[in-house]
Amino acid sequence: MSDATEFYSSGEPIADTKAPAAAPVEERWTQRKFDVKLVNPANKRKKTVIIVGTGLAGGSAGATLGELGYKVIQFCFQDSPRRAHSIAAQGGINAAKNYRNDGDSVHRLFYDTVKGGDFRARESNVHRLAEISTQIIDQCVAQGVPFAREYGGLLDNRSFGGAQVSRTFYARGQTGQQLLLGAYQALMRQVDAGNVELHARHEMLDLIMHEGKARGVVVRDLMNGEIKSYTADVVILATGGYGNVYFLSTNAMGSNVTAAWRAHKHGAYFANPCYTQIHPTCIPVSGDHQSKLTLMSESLRNDGRVWVPKEAGDSRRPSDIPEDERDYYLERIYPAFGNLVPRDIASRAAKNVCDEGRGVGPGGLGVYLDFSDAIERLGRKAVEAKYDNLFQMYERITGENPYEQPMRIYPAVHYTMGGLWVDYDLESTVPGLFVLGEANFSDHGANRLGASALMQGLADGYFVIPQTVGEYLAKNPATAVPDATVQAAVDGVNAQVEKLLSIKGERTVDSYHRELGHIMWEYCGMERTDEGLRKAIGMIRALREDFWQNVTVPGSGDDLNQSLEKAGRVADFLELGELMCIDALHRTESCGGHFRAESQDEDGEAKRDDENFSYAAAWEWTGGDKPVLHKEDLVFEYVKPSTRSYK
Amino acid sequence: MKLKLRIWRQKNAADKGQMVTYDIDDISEDASFLEMLDVLNERLALEGEEPIAFDHDCREGICGMCSLVINGQPHGPERNTTTCQLHMRKFKDGETIDVEPWRAKAFPVVKDLVVDRSAFDKVIAAGGYISAPTGTAPDAHATPVPKVDADKAFVAAECIGCGACVAACPNGSGTLFLSAKVAHLGLLPQGQPERDSRVLNMVQAHEDLDFGGCTNTGECTIACPKGIPQEFIGRMNRDWLSASGK
Amino acid sequence: MAVTGALMVLFLIGHMVGNLKIFFGLEEFNGYAAWLRTIGEPALHHEWFLWIMRVGLVVVVVMHFGAAAELTARAKRARPVKYQHRPKVNGSYAARTMRWGGVIILLFIIWHILDLTVGVANPHGVHGEAYQNVVAGFAPDRWWVTIFYVVSMIMLGFHLRHGLVSAVQTLGAKNPKHDRTLNVVATGFAVLLSIGFLIVPISVTLGVVD
Ligand SMILES: Cc1cc2nc3c(=O)[nH]c(=O)nc-3n(C[C@H](O)[C@H](O)[C@H](O)COP(=O)(O)OP(=O)(O)OC[C@H]3O[C@@H](n4cnc5c(N)ncnc54)[C@H](O)[C@@H]3O)c2cc1C
Ligand code: HEM
Ligand code: HEM
Ligand code: SF4
Ligand code: F3S
Ligand code: FES
């Protein structure tokens, strides 16, 4: 394998210094809470906290910090905090309540999460997450989140991938919505009380730095284009994931990396950018008009059977293909787990059969998920009771009735495990800049288990940041930020806006985004190769150059201008995409959501390389030159790395 | 498909605005309504014209950001479906389609089809919550909730805050939205301590924010993409009367 | 709104029952009209009860109308810019005609009082001779009066059909379990009341009563 150092250079290792590593893992959080300095109540009122983002992470943080008495200034780009993309999460949220008495415990959740992350996450953080999980459920129930209940009035649980216990709490298929509304309502209570100053439809476009610390943000008021600045004692980013770098993903249209990326340019390291989760059960692309992909709950694989025709190019209708000419490939390759193999394996298997030309539907990018057996076995009524809402959603989108013909599904980008590097306190490498939720890299390693992103977002916001931010504030009395510093940041943003508007080229922003997405999906998607990644880096660079010469952004900067908003986001994706490819290129092992074709065993299973890659890769921005790699070594004291097998 | 679109264009809040006609061709039946607008917007951008502004985010029918009154119906002709989930196969080739923003004083137009719905946030801020300071909660199983109540509360809590109810209501009333939140929290034991103040304050805020009054015409429920039932309005009235009497 | 509406409904029930007495002939009907004026005697002076009721009704109508006007004004304020594409009516027709229906009913009441109470709009117009007034008022050659009554009563039917259900909802007494029953009762009541009123003018016009 050729050397990738032409694309990056290596720097000092990096380490988390905040977790009390000397204590046993189950005592570290308690210890840390005791060690942190407190801000006395009277002083809290004098401390201003900026929070960017109102999803589960940001919303819960704003509500809690406001309640504690800090002066909070909060932003989101949607027209209401309630619309953050957390709203779309369907399946559920994990918690080690052991209400089923089926052997669950904090330790087991900790164990499952570390293993699920393919041994690429920090044990201290994951353990804390598992500890806090139980408090989250209590908190949400107290707020009135209508979780599913049983006839006895107690909470119901379901099981989810990657776990042998039933620990997932849910609210029909809308768990994210209900949790977010709980956080949103708590946040609005603080808005009403005057503790939180809320700015919806404001997009953060830069970080204001003073004396090496994060001290404020520059935002654009999306309603009227005004560029404004806000300063504070500390800045918290909770801006979600960057899956939209692929153009097509299950993320919302507005999800972006902009806030994180601009912080990255001020010195916040970006960790593990290449770890991408690709979800196997999404509705396939139907044509060039496609703007996003819709997730179909993973639970469908409990009763649906996945198959493709045995012959490549078989274009008969599914009902005309006889049983012995069908290939139920998951059941064939993974007899033990069958259709229920983990997400990454199911996704890759689908890609493989489609690459062989056996895919179905438009463009041959799809496989069947067939319920006819289940309908025969359980009866249509039972299938309806379980899945009717999903079937309806499918029919609405595709116009096909899944009771009569098999669903078509295809994998799609779903979640990004990478994000800004943070320590145990959730502080980035920029002092005074904290990062929560999907925007950080902290808890999921190389692969996230189902129902644990919601848990992480709420743990970060309700329970971690309220403790750790106090330590920073107590130790770092803020000095006034000079007007010139603020003005310089504002000028920088204005300059970028003007630049984008003045190019007046020939191609639309979306066309660049779509092309970038194609490159990323093709070369940095489900399967990555040395050769492909190198090619992709070249293509992205060329595309980026062309973007800055040839993009057209109609309209002006001084009113609502959605093209301009998109242009700024795509500009950042064009830089992030390159870093993702570099990260993927340098990590020559396969692990979790990162599969390198060169690193697989005889059966085509992912091969991890613990000897060389048991670290988190934290990338430093160098002004557009080669990024610098800082490695954080991962130590596994409690969960010993082993190979996953699902055969 | 070939379509004639008549779309409301309005430069900003101060502009009067008017319907503008666009002809569009080669639209796939499998495209969603918003994807159809994307195609039109790509064309406008290339022609140097400003694309049509419209709100959207998740495109999965859950965030409540998309809006649009299509041929006089909020979220278009398909029941229980948001605009982003509406697909072009529901329209006829050659059809003329009128697209307008939500129209309500409480939701002023920002630009084209984009309106400002922050009034809804203010209604929630007035009392649409349960005061449960972080960290003080008892164990989740401390208070069992009868399944019927929990399920009903869930139905009410499904509201996505899109505002279609206001757009559809002949009185420009947000009562369905308001009542859904009152019912969601009022049905749960955790919501009891603030039940009276919640309904009084929220109803007052709703009135102060220039929403119309409800005369039970029931258009809202039909337009509501989540089918929030009108019965919650009756429930809220009951709560309000009983709270006012105290 | 609901309370005033309900009071008017009570009046209407009584009024309808009274009107139907016309089928028992002149004496009985006029006697009834005369009796109306003696209710409460001797505690009350002659016609006092009637006047109290009249004042009460006027107050109720004014309050009802006032509330309706206020709601309408609020609705206008709440939607200053109209839809270009006429909004599709998905709900009930009755609900959509409450305002215009109400106005028609109000006009009807004014005409009706001029016609049968004050008598200026009635060819007979003699106090105390209610029967004759009715017969003269709806005489076949005055078919247009009858038609106006018919139209008004149909509007009233619609107004009540929606009004009843609406009042129950407004008073928070609606229970979704009994929705169907309530709808049937409201429809039945509205139809019954409309027919109960209409039967009198129609009978007169057709010559059944003369
Ligand atoms: C379809 C789908 C289903 C899922 N299902 C599950 C599930 O069942 N269980 C589970 O655990 N996880 C699930 N996930 C993952 C989970 O929902 C997310 O990871 C999580 O909700 C992220 O929360 P967040 O608070 O970090 O970010 P988000 O909720 O994405 O919030 C980001 C916030 O930041 C704001 N923002 C972003 N950029 C800017 C900017 N530049 N300026 C100002 N504001 C900005 C946005 O306005 C928003 O308020 C799912 C994800 C998807 C897409
Ligand atoms: C003076 C002329 C009238 C006007 C302008 C009028 C108008 C209205 C309006 C606008 C409503 C509102 C609908 C609602 O709140 O649900 C209403 C309700 C109602 N009206 Fe009338 N109306 C008039 C006369 C009457 C009469 C004569 C009756 C009775 C016989 C009546 C009975 C009702 C009832 C029962 C309601 C329902 C009240 C509620 O829902 O709270 N109205 N009317
Ligand atoms: C269509 C059938 C109706 C007939 C035949 C009818 C007949 C009469 C008669 C004969 C009187 C005079 C009674 C008297 O002076 O002693 C009267 C009075 C009155 N009617 Fe009717 N009526 C009808 C419908 C209605 C309706 C639908 C309303 C209300 C919406 C109404 C409201 C009144 C009122 C307010 C008075 C005045 C009572 C008073 O002040 O004495 N009537 N009606
Ligand atoms: S009640 Fe229905 S229409 Fe109204 S805001 Fe909620 S979801 Fe939208
Ligand atoms: S349409 Fe309007 S009048 Fe009431 S029942 Fe719905 S809010
Ligand atoms: S875009 Fe989110 S509901 Fe339509």
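A residue counts as near a molecule or strand if one of its heavy atoms lies within 4 Å of that molecule or strand. By that rule, 38 residues are found around ligand 1, and among them A:Q78, A:S86, A:G91, A:M204 and A:E438 come nearest. The model is predicted, so local features need pLDDT of at least 70 and side-chain atom pairs count only at pLDDT 80 or more, whereas totals for chains, interfaces and linings use all residues. Residues are numbered from 1 along each chain as its sequence is written, chains are lettered from A and ligands numbered from 1 in the order in which they are written, and side-chain values use heavy atoms, with hydrogens and water left out.

**Ligand 1**

- The site of ligand 1 is shared between chains, because residues from chains A and B surround this ligand.
- Polar contacts, meaning pairs of N or O atoms within 3.5 Å (within protein, one must be able to donate a hydrogen and the other to accept it, and residues adjacent in sequence count only if both atoms are side-chain atoms), include one in which an oxygen atom of ligand 1 is 2.6 Å from an N or O atom in the side chain of A:E438.
- A backbone N or O atom of A:A57 lies 3.0 Å from an oxygen atom of ligand 1, while an N or O atom in the side chain of A:N256 is 3.3 Å from a nitrogen atom of the ligand.

**Ligand 4**

- Ligand 4 is surrounded by 13 residues, of which the closest are B:C159, B:C162, B:G163, B:C165 and B:C224.
- Two or more residues of this shell are given by each of the elements α4 (164-168) and α5 (175-186) of chain B, where helices (H or I, at least four residues) and strands (E, at least two) are DSSP runs numbered from the N terminus.
- The shell around ligand 4 has 11 nonpolar, 2 polar and no charged residues, with Ala, Val, Leu, Ile, Met, Phe, Trp, Tyr, Cys and Pro counted as nonpolar, Asp, Glu, Lys and Arg as charged, and the others, Gly among them, as polar.

**The iron atom of ligand 3**

- The protein donors of this iron atom are C:H15 (NE2) and C:H112 (NE2), lying 1.9 to 2.0 Å from it; donors are N, O and S atoms within 2.8 Å of the metal (3.2 Å for Na, K and Ca), and sites may look incomplete because water is not among the atoms.
- C:H15 belongs to helix α1 (residues 2-20) of chain C and C:H112 to helix α5 (residues 98-118) of chain C, so that the pair links parts of the chain 97 residues apart.

**Salt bridges**

- Over all chains, 79 salt bridges are found, each a side-chain nitrogen of Lys or Arg within 4 Å of a carboxyl oxygen of Asp or Glu.
- A:E471 forms a salt bridge with A:R32, the closest N and O atoms being 3.7 Å apart, and this pair links helix α12 (residues 453-475) with helix α1 (residues 28-35) of chain A across 439 residues.
- Both A:E471 and A:R32 are buried, that is, under 20% relative accessible area, where exposed means over 50% and partly exposed in between (1.4 Å probe, protein chains only).
- A:R569 and A:E203 meet in a salt bridge of 2.9 Å, N to O, and both are buried.
- A network of salt bridges links A:D118, A:R120, A:R587, A:E589, A:R608 and A:D610.
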